[in-house]
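Hi everyone, thanks for coming. Please take a look at the picture, and then I'll walk you through a few parts of it.

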Amino acid sequence: MRMSASHERPYSGEMPTPAILNARQQASPKLSKTSKMPGKSWSQSAWETCPGARKDDGSPVSACSFCYALTGAYQFPGTIAARKHNESDWQKNGWVRAMVKEIKKMTHFRWFDSGDINSPILARKIWAVILETPNTQHWLPTRSYKDATILKQLRAIENLPNVVVRYSSDSREGGHLDSTLYPNNSTIIQSKDDFIPQKGVALCRSGERAGKCGSCRACWSKSVRTVSYIHHGNKVGEKKFEKDLIVV
Ligand code: SF4
């Protein structure tokens, strides 16, 4: 595993291989419960695990420059620690089995209320978790489709009946991804007035319900092609974007 620069250490010849680590350590995933959604979610650190959040020059794409997961309650020490824990935990022995055990009785599950898929191996493991939890509806929002090796795995996930892979546009001005390539997707608009009602397009109205989904399940619905979220949150300070991408 190649970690961010601050975690790197020179190879000593004695560092354990992933296989040895797996044999020694059992996975213990930490799920989070946000007040907004009907179920729990599994997350990693925002920005450090988000390969699709970066432009070629390393700066954040428009949508991510206002990332809610880099400010506010997401900066509480316990919240940060749980996401850090998950970054290495998914690589341990039995992670798929442990996740299935946690999730299988939930009706709805959301992946990544912060962070994203930073490895095709993680994507394959997520596929296995979704396959093994057929009674749970999964919502997987992602911007990692820009990595061809991860996109290949996302296509396999997309074909499962109990998941919506919701491909995120980088736009904050309502720009949509091509739905022939990305059949379920999302975008951000600046205000409710910018929403143009169309078949297959939903407006997120959680703001009218004190930030809660209530009975809405549009994000989990394969028949909803595009979900439009109304912009919220503040511009994130540049320092938050200095950390390197964790590549696995
Ligand atoms: S569109 Fe519906 S399901 Fe999706 S976040 Fe908004 S309220 Fe929740």
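Let's start with the strands: β6 (residues 185–189) and β8 (residues 226–230) pair in the parallel sense, with five bridges between them. Strands here are DSSP E runs of at least two residues, helices are H or I runs of at least four, and both are numbered from the N terminus. Two strands pair if DSSP finds at least two bridges between them. Ile-189 sits opposite Ile-230 in β8.

Before I go on, this is a predicted model: local features need pLDDT of at least 70, side-chain atom pairs count only at pLDDT 80 or more, and totals for chains, interfaces and linings use all residues. Residues are numbered from 1 along each chain as its sequence is written.

β8 also runs parallel to β7 (residues 201–203), joined by three bridges. There, Ala-202 has Val-227 of β8 as its bridge partner.

Which residues are around the ligand? They are Ala-202, Cys-204, Ser-206, Cys-213, Cys-216, Arg-217, Ala-218, Cys-219 and Val-227, counting a residue whose C-beta atom, placed from the backbone, lies within 6 Å of the molecule. So Ala-202 and Val-227 turn up again here. By class, this shell has seven nonpolar, one polar and one charged residues. Ala, Val, Leu, Ile, Met, Phe, Trp, Tyr, Cys and Pro count as nonpolar, Asp, Glu, Lys and Arg as charged, and the others, Gly among them, as polar.

Finally, the axes of helix α4 (residues 120–131) and helix α5 (residues 148–158) come within 8 Å and cross at roughly 5°. Axes are lines fitted to C-alpha atoms, for helices over the stretch in contact, with angles from 0 to 180 degrees between N-to-C directions. The two helices are therefore roughly parallel, the word for angles under 35 degrees.

Methods. Angles under 35 degrees count as roughly parallel, over 145 as roughly antiparallel, 65 to 115 as roughly perpendicular and the rest as oblique.
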